[in-house]
Each structure stands twice: as structure tokens, then as C-alpha cells.
Amino acid sequence: MPLSMVHMGERNIIKKVGGKEETRKFLENLGFVVGSTVTVISQAGGNIIVNIKESRVAIGKDMANRIIV
């Protein structure tokens, strides 16, 4: 299931990061790597704020659709 469909407060494990090579590298640099735990903090206006590796990161819905949990 894509990260954009996860309910707030749920902890999930990243299973796959899709997209082009440059997109995967960008997400990897933010901490979105396979096996990491991610928690959705809030969703507003198509943007998603997540807690990953003890940091809060905001990403757009298009990026969240590339992260499979």
C-alpha cells in the first residue's frame, strides 16, 4: 500500500521505494530506505508529514505514492 493511503498514527515498515533513480536517491537521502519505520503525523492539502528516523519530514502526495509500506 502506498504511504499516501496510511492512516495517521500508524507505524509501518517501508517495503519498496519506486520511481526514477534520481527520485529514489532523493528519498533515500531523506531517510526513506527499505526496512525503516515510518509514522504518518498529519495530512493536509496533499502534503504528508511523517516521522522517520527521529525526524519529521514533509513530502508531497506524489512522492508518498512512490513509497510502498
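**Exercise 1. Find the strand that holds I52, then decide whether I52 is buried or exposed.**

Solution. Let's start with the location: I52 belongs to strand β4, which covers residues 47-52. Keep in mind that we are working with a predicted model. Next comes the accessibility. The relative accessible area of I52 is 2%, and the buried class takes values under 20%. I52 is therefore buried.

**Exercise 2. List the residues that I52 touches, leaving out those up to four places away in sequence.**

Solution. Go through the contacts in chain order: I14, then L30, G31 and F32, then S36, T37 and V38, and finally V57.

**Exercise 3. Work out where T39 sits and how far T39 is from I52.**

Solution. Second, classify T39: its relative accessibility is 16%, so T39 counts as buried. Third, look at the pair: I52 and T39 are 13 residues apart along the chain, and their C-alpha atoms are separated by 6.7 Å. Finally, check the contacts of T39, again without residues up to four places away in sequence: G9, E10, R11, I49, V50 and N51.

**Exercise 4. Describe E10 and how E10 relates to T39.**

Solution. Begin with position: E10 is in the segment before β1 (11-13). Then take the accessibility: with a relative accessible area of 31%, E10 is partly exposed. Now compare sequence and space: E10 and T39 are 29 residues apart in sequence, while their C-alpha atoms are 5.6 Å apart. To finish, E10 touches V38, T39 and V40, not counting residues up to four places away in sequence.

Conventions
Residues numbered from 1 in each chain as written. Predicted model: local features only at pLDDT ≥ 70, side-chain atom pairs only at ≥ 80, totals over all residues. Heavy atoms only, no water. Helix = DSSP H or I, 4+ residues; strand = E, 2+ residues; numbered from the N terminus. Buried < 20%, exposed > 50% of the residue type's maximum accessible area, 1.4 Å probe, protein only. Contact = heavy atoms within 4.5 Å.
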